[in-house]
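Please go through the model below together with its sequence.

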Amino acid sequence: MKAVVEHRCIKKESLIQMMQWRKMWLGVDYGYGLMKIQLLPLVKKYNAWGHLGSIGSFMLYNPVLDVYIIGNFNKKGYITKSMRFVLKVLRLLSKIEPVKQVGVK
């Protein structure tokens, strides 16, 4: 996922094309092989993009927090449960104070 975000395996132009979003479900837009997840309307810090699978698998990137969340419940029909889990993780991560690196420019 990090290689996708950093354009190491997909050109930036191709990724932009893949992110031409269209409504799929409430809170989920679909591009070309990618999904944009809006877990809470109007709260951008919980938005992510990547992909969700029908067995509760997920590989997402949240640009606001600069975090990657990847996992799998491995049970058919767990897509909603995986979305709730991702929201819970993002809420917890958003409460963590960033570590200040001394002497780094």
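The model is a predicted one. H7 sits in the loop that connects α1 (2-5) with α2 (12-18). Its phi is near 60°, which is a positive value in a residue other than glycine.

N74 belongs to the loop between β6 and α3. With a relative accessibility of 58%, N74 is over the 50% cut-off and so counts as exposed.

The protein chain contains three helices and six strands, and from the N terminus on the order of elements is α-α-β-β-β-β-β-β-α. The C-alpha trace spans about 45 × 30 × 30 Å along its principal axes. Of the 105 residues in the protein chain, 31% count as buried. Among contacts with a separation of 6 or more, 28% are between residues 24 or more positions apart.

The strands come next. Six strands make up an open sheet in the order β1-β2-β3-β4-β5-β6, and the pairing is antiparallel. The edges are β1 (22-25) and β6 (67-72); each has a single partner strand, so one side of each is left without a neighbour in the sheet. On average, neighbouring strands of this sheet are turned by 30° against each other, with direction ignored. Strands of a sheet pair through backbone hydrogen bonds, in either a parallel or an antiparallel arrangement.

Two of the pairings can be followed residue by residue. Strand β4 (residues 47-52) pairs with strand β5 (residues 57-62) in the antiparallel sense over four bridges, and G50 stands opposite L60 in β5. The two strands form a hairpin with four residues between them, and G56 in that turn has a positive phi of about 85°. N62 has V67 in β6 as its bridge partner. The hairpin of β5 and β6 also has four residues between the strands, and here D66 takes a positive phi near 55°.

What lies across the sheet? Helix α3 (residues 79-94) lies across β1, β2 (28-30), β3 (35-38), β4, β5 and β6. Relative to β5, α3 runs at about 35°.

Helix α3 also takes part in the largest pocket. This pocket holds about 250 Å³ of space. It is lined by 13 residues, and the closest to its centre are G27, Q38, L39, L40 and P41. Which element gives the most to the lining of the largest pocket? That element is α3, with four residues. Sorted by class, the lining of the largest pocket consists of eight nonpolar, four polar and one charged residues.

Definitions and conventions
Residues numbered from 1 in each chain as written. Predicted model: local features only at pLDDT ≥ 70, side-chain atom pairs only at ≥ 80, totals over all residues. Heavy atoms only, no water. Pairing = 2+ DSSP bridges. Axes fitted to C-alpha atoms, helices over the stretch in contact; angles between N-to-C directions. Contact = heavy atoms within 4.5 Å. 1 Å grid on protein atoms, 1.4 Å probe; cavity = no way out; pocket = protein on both sides within 12 Å on 5 of 7 lines; lining within 4 Å. Points joined across faces, edges and corners; volume = space filled by probe spheres on them. Nonpolar A, V, L, I, M, F, W, Y, C, P; charged D, E, K, R; others polar. Buried < 20%, exposed > 50% of the residue type's maximum accessible area, 1.4 Å probe, protein only.
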